[in-house]
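The following account leads the reader through a predicted model. Please keep the sequence and the three-dimensional view at hand while reading.

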Amino acid sequence: MKRLWFVLVFALSCEDWKSSGPDRLRDAYPATCGGEDSGAPAPDGSIVVAPSERVAGTWAARVVQRGRMAIPTVCDDCLLTLTDLALVTIPSDGGSILWRFCDQPMAMDTTPADPTDPPDPDAPHSTVPEALANAGVSAWAAFDTSATTRLPAHRVVWLWGVRDLADPVQDPLPESADSPLVFDQDLDGHPGVTIRVDRPLEGERYMVRRAVWDLAEAAVSADGLWLTGTLTFSVEEKAIGADNPLLTILAPITPEATGNAYAMRRVPPDFTCEDLRALGDTLFEPALSPGR
Amino acid sequence: MTPRARILAVACLVAALPRPSGASDWSDKVQFSGYLQSDLRYVIEDYRGPRRGDGYRFEMNRNDLNLRLKIEPDPRAQAVVDARFRFYGFNESSSLPELVRRDRIDPYDFQLNEAYLAVRGAPFESVDFRVGRVIQSWGTADMFNPTDNLNARDFSDPLDYTAKVPNQMVEVTWYPTDWLTLTAVWVPVFKPSLLPPSASLGFAVETTDDGCFLSAPTPPLDPSDIRRLQRLFGAADPCRLSFATPEVRTLQPDTTLANSQAAARARFQVDFGERGGALDFSLSYFYGRFTFPVAYTAVADIGADPDDASAARVRYVAELLYPRMHVAGADFAYSPPVEWLPGLFGEVAVVFPEEVTFGLAVVQNGRIQPSLLMSAINVPSTPFVKATVGLDYTVTSWLYTNIQYVRGFFDEFNDQYGLHNYLAPAIELKFFDDELKIRAAGAWNLDDLSAAVFPEATWVVVPSVEVTGGVWAYLGDTKPLDPASYAGRSKFGQKAAGRSVAYLKARVTW
């Protein structure tokens with residue numbers, strides 16, 4: 001019993017003996033700012049547009065691609081969801097469909113593959129430069145769209161920071177900024193397209209990229225406002241530079257077999273990328289609703 | 001006091017020693033002793049230095065002069081001064097202006113080992129006290145004394161691993177009976193242990209011969225976080241990562257009363273007579289700090305390399321602290337009544353530590369990257385035990401053996417490196433009327449199987465003059481056995497343990 005008291009007295013006297021390294025570091029260094037709020041109220045997504053049973057017109061597109069990748073310091077097998085927002089113009093007199101890239105929100109499920117690993121409190125995040133949207137037509141797809149009510153299955157090849165490929169689908173991407181195929185697409189003075197990376201490390205990565213989408217056929221919805229379907233995709237990226245060497249290694253993206261889909265909503269001809277970015281998923285909520 | 005002034009002061013002290021004429025009163029009151037020692041060491045390997053290939057060279061060319069003066073101006077009073085001059089024997093000048101400075105060409109230092117006054121029978125008949133710079137030795141084990149925490153360890157010379165850092169203290173001893181001694185000690189200011197020159201290699205970043213990043217020290221984090229860090233830096237071209245020499249800071253406790261240290265001991269000495277032998281038994285308590293620092297924080301600050309725009313510069317800053325602790329101890333030594341039985345001794349310390357949480361942050365542009373702020377409990381508040389038990393046995397007049405089991409080496413706390421188990425055997429043979437002594441000793445880590453071995457031979461040329469030659473060798477893997485674990489380092493194999501050397505010492509004592 002005396003021994004117990006002895007231990008208890010010591011244990012109690014040690015109770016407030018704690019030195020916390022993390023607290024000391026938090027006091028010494030400010031944390032990186034989180035995502036900044038744009039301050040703009042979220043629109044309700046209601047827009048006025050004349051419906052049509054024909055596929056020709058202007059469309060806001062949302063293309064969801066799910067893949068897996070390994071990211072240093074984050075996870076060995078992250079589930080990545082890329083959501084590309086684009087404006088699509090389908091001419092009424094046939095010819096090429098024009099895709100204009102607007103934004104690419106990214107979500108990552110960092111639930112670790114190893115269940116003993118703790119989940120990462122902050123998913124990695126990158127921002128695609130707005131200037132990319134101002135670089136003009138970024139993808140192409142050519143087929144006859146005249147007088148049809150269906151969007152036929154077709155392939156979209158979308159290149160970032162690289163041009164003049166003889167075969168945009170098959171030719172290897174350049175691996176050096178010195179390649180004549182590389183150009184400063186976002187006009188920021190750096191080769192290729194600059195991706196601003198916020199986490200896990202901050203920095204800028206200069207890269208070239210090729211996304212290939214094989215969209216399944218879709219019919220214009222009964223209300224004349226929607227095109228929805230599935231797709232398969234591949235994404236290939238090369239880092240041709242960075243302001244931090246730790247950002248120059250890119251992990252390949254392995255597409256998931258399911259969950260890849262696109263939705264297009266008919267929008268007015270004067271609808272802009274800015275409108276699309278402001279509305280975001282709100283614009284597509286009807287298509288995302290169960291049962292549609 | 002400048003080094004020159006220190007030398008003058010001690011020279012005056014020596015000059016004040018008794019002289020033949022008119023010194024009769026003082027000759028009984030003064031004892032002068034000391035030693036002179038020459039120490040030459042040669043590194044016998046080339047793989048334990050900062051870079052492979054550094055070795056096969058002289059490591060030491062040292063001369064020590066130790067002077068100990070004990071003065072008893074009164075039968076009940078004593079003053080002790082123990083000082084050492086050390087001349088290192090290596091030229092440290094590296095520029096023309098330094099060639100005019102003797103302390104660069106022939107560097108030396110002065111060490112005051114002890115300087116205290118002691119009074120017997122005051123203020124009461126059965127009470128003594130000591131005040132000053134003292135080296136204490138508590139415990140009954142042979143060198144591995146977990147209850148001996150009043151003085152920090154002096155590992156500046158790994159071969160002299162029994163050395164301690166002196167400290168100012170006040171000691172009061174009470175002798176209530178013949179068989180019981182009560183001692184209380186107060187140490188106003190904390191002093192840390194001295195580490196060997198190789199200690200910084202424990203935090204070294206290793207690079208290839210062409211300067212490319214190879215490995216960084218493993219922090220005390222969970223394996224998953226260590227893997228995250230390894231992936232972070234492993235993702236980059238190692239030749240484009242410029243790691244500056246890590247900066248390791250130690251957080252010193254404030255010199256406040258709350259940070260002073262105290263200890264108490266009750267020592268029992270029992271003689272069981274001719275048939276029972278003698279038992280020396282102590283109970284002790286210590287409040288203070290562990291004198292070896294433990295990992296507390298680390299920051300990997302990533303920025304642009306000013307010399308190479310395409311490379312990243314990583315600055316690693318670590319902080320260590322000396323955790324507080326209570327130590328409840330007990331020790332015993334038993335001398336059997338017959339020669340054919342070995343002597344037994346044992347010592348146990350229950351340590352109640354301060355909890356230390358380690359934090360590591362990756363910082364960029366002066367800001368923490370939130371997903372790269374990692375932490376782990378480095379020292380839990382759970383009490384833990386350090387202990388030594390052993391026996392010594394004089395087999396014959398020329399053969400002596402000693403073996404100890406040790407849990408928790410001098411520098412081990414219950415941090416993520418953990419407490420290891422050791423076997424420390426020693427054997428000593430004497431020949432030619434003790435003129436030649438051969439001793440082989442070592443410490444073997446039972447957990448990672450690394451070892452330190454030190455065989456030596458001593459020739460007693462004439463009484464008081466010894467010449468010793470030997471080898472001090474570390475055996476074990478210099479690379480971590482598990483790179484993803486803070487505890488993966490081999491105790492004696494890691495480079496931070498030191499260099500393997502052959503040595504030659506000559507010593508005269510008086």
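**A hairpin and its surroundings**

In chain B, the hairpin of β20(B) and β21(B) has 2 residues between its strands, and B:Asn365 there takes a positive phi near 55°. Strand β20 (residues 355–364) and β21(B) pair in the antiparallel sense, over 8 bridges. Within this pairing, B:Ala361 stands opposite B:Leu373 of β21(B). Of the 13 residues of β21(B) (residues 367–379), 10 are buried, so the strand is largely enclosed by the rest of the structure.

Helix α4 (residues 223–234) of chain B has 12 residues, and from its first C-alpha to its last it reaches 16 Å, close to the 16 Å expected at 1.5 Å a residue. Its buried residues are B:Asp225, B:Ile226, B:Arg228, B:Leu229, B:Leu232 and B:Phe233. Viewed down the axis of α4(B), these buried residues fall within an arc of 155°, so they line one face of the helix. An α-helix has 3.6 residues a turn, so residues three or four places apart point the same way.

B:Ala496 lies in the loop between β27 (465–475) and β28 (501–509). B:Ala496 has 19 C-beta neighbours inside 10 Å and therefore counts as partly exposed, since a buried residue needs 20 or more. Although B:Ala496 and B:Leu201 are 295 residues apart in sequence, their C-alpha atoms are 4.9 Å apart in space. Beyond its neighbours within four places in sequence, B:Ala496 is in contact with B:Ser198, B:Ala199, B:Leu201 and B:Gly202.

Chain A, finally, may be considered as a whole. Chain A has 4 helices and 15 strands, and 34% of its 292 residues are buried. Among the contacts in chain A with a separation of 6 or more, 69% join residues 24 or more positions apart.

Note on methods:
Residues numbered from 1 in each chain as written. Chains lettered and ligands numbered in written order. Predicted model: local features only at pLDDT ≥ 70, side-chain atom pairs only at ≥ 80, totals over all residues. Buried ≥ 20, exposed ≤ 12 C-beta atoms within 10 Å, placed from the backbone. Pairing = 2+ DSSP bridges. Contact = placed C-beta atoms within 7 Å. Expected span 1.5 Å × (residues − 1). Arc of directions from axis to C-beta.
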